[in-house]
Amino acid sequence: MYLGKVIGTVVASHKYAGLTGVKLLVVEPLDHHQKPAGDAHVAVDATFQAGPNDLVTLVGSREAALALPETFVPVDAAIVGIVDQVHVERARR
Amino acid sequence: MKLCRVLGNVVATVKHASYHGHKLMIVQPVDEAQREVGASFLAVDLVQAGAGDLVLVMQEGNGVRQVLKAPEGKDAKIPIRSVVIGIVDAVSTS
């Protein structure tokens with residue numbers, strides 16, 4: 001599970017049946033300093049409320065499919081939260 | 001499981017139902033000498049860990065569903081993959 005930023009949207013009218021009505025967003029993984037930390041990829045929006053520039057939490061692999069109402073879908077990244085705040089303790093040692 | 005240092009936490013009011021009532025921690029994997037290895041990630045806290053704690057994190061969905069007592073089969077709808085399952089008191093390497 002990781003932090004990410006929504007940087008775009010994807011519209012795919014022709015896609016796997018189970019994914020109709022599911023919002024597809026382009027996300028860029030972030031580290032705990034909110035700096036880019038990985039390649040941009042496409043995730044389904046399991047909160048149905050995320051939009052561009054939102055800071056979000058995501059889950060990957062099989063658990064991403066479990067985030068959707070219809071769980072038997074080919075999904076490996078899902079937005080499961082819209083972040084209000086990130087608290088990081090000052091780096092100790 | 002991974003040894004991790006808790007760096008802090010993430011607050012999200014809008015989230016998937018399975019995350020309600022749980023703290024979402026930011027954890028940094030460390031090696032046996034507590035040197036940082038790899039990227040930080042998020043894990044649901046099940047043991048009241050706090051920032052700065054050294055913890056044990058499990059990253060496997062099936063185990064999470066068992067720990068969170070998910071119903072079996074197709075209605076085991078818990079999209080959580082990483083959980084903090086222990087607060088470490090000591091690590092000794094002979």
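Figure 1. Leaving aside neighbours within four places in sequence, B:Arg65 is in contact with A:Glu63, A:Leu66, B:Ala70, B:Ala76 and B:Ile78. The list therefore holds residues of chain A as well as of chain B. B:Arg65 belongs to helix α1 of chain B, which covers residues 61-67. The relative accessible area of B:Arg65 is 14%, so B:Arg65 counts as buried, the cut-off being under 20%.

**Figure 2. The interface of chain B and chain A.** In this predicted model, 34 residues of chain B are in contact with 29 residues of chain A. The two chains bury about 2300 Å² between them, and 57% of this area is on carbon and sulfur atoms. There are 14 residue pairs in polar contact between chain B and chain A, counting pairs with both residues at pLDDT 80 or more. On the side of chain B that touches chain A, the elements giving two or more residues are β1, β2 (14-15), β3 (23-29), β4 (41-45) and α1 of chain B. Strand β1(B) gives the largest share, 6 residues. By type, the residues on this side of chain B are 17 nonpolar, 11 polar and 6 charged.

**Figure 3. A salt bridge between the chains.** Across the interface of chain B and chain A, 2 salt bridges are found. In a salt bridge, the side chain of A:Glu63 meets that of B:Arg81, with 3.5 Å from N to O.

Figure 4. Strand β6(A) pairs with β1(B) over 4 bridges, in the antiparallel sense. Within this view, A:His87 stands opposite B:Asn9 in β1(B).

**Figure 5. Strand pairing within chain B.** Strand β1 (residues 2-11) and strand β5 (residues 54-59) of chain B run antiparallel and are joined by 4 bridges. B:Leu3 has B:Leu56 in β5(B) as its bridge partner. Strand β5(B) is also joined to strand β6 (residues 82-87) of chain B by 5 bridges, again antiparallel. There, B:Leu56 stands opposite B:Gly86 in β6(B). In a regular strand, side chains alternate between the two faces of the sheet.

**Figure 6. A:Val83 and the residues around it.** A:Val83 lies in the loop between β5 (77-82) and β6 (85-88) of chain A. Is A:Val83 buried or exposed? A:Val83 is buried, because its relative accessible area is 11%, and the cut-off is under 20%. Not counting residues up to four places away in sequence, A:Val83 touches A:Leu3, A:Leu55, A:Val56, A:Thr57, B:Val10, B:Val11 and B:Ala12. A:Val83 and A:Lys5 are 78 residues apart along the chain, and their C-alpha atoms are separated by 9.7 Å.

Key. Residues are numbered from 1 along each chain as its sequence is written. Chains are lettered from A and ligands numbered from 1 in the order in which they are written. This is a predicted model: local features need pLDDT of at least 70, side-chain atom pairs count only at pLDDT 80 or more; totals for chains, interfaces and linings use all residues. Side-chain values use heavy atoms; hydrogens and water are left out. Two strands pair if DSSP finds at least two bridges between them. Buried means under 20% relative accessible area, exposed over 50%, partly exposed in between (1.4 Å probe, protein chains only). Contact means heavy atoms within 4.5 Å. Buried area is the accessible area (1.4 Å probe) that two parts lose on being put together, summed over both. A salt bridge is a side-chain nitrogen of Lys or Arg within 4 Å of a carboxyl oxygen of Asp or Glu. A polar contact is a pair of N or O atoms within 3.5 Å; within protein, one must be able to donate a hydrogen and the other to accept it, and residues adjacent in sequence count only if both atoms are side-chain atoms. Ala, Val, Leu, Ile, Met, Phe, Trp, Tyr, Cys and Pro count as nonpolar, Asp, Glu, Lys and Arg as charged, and the others, Gly among them, as polar.
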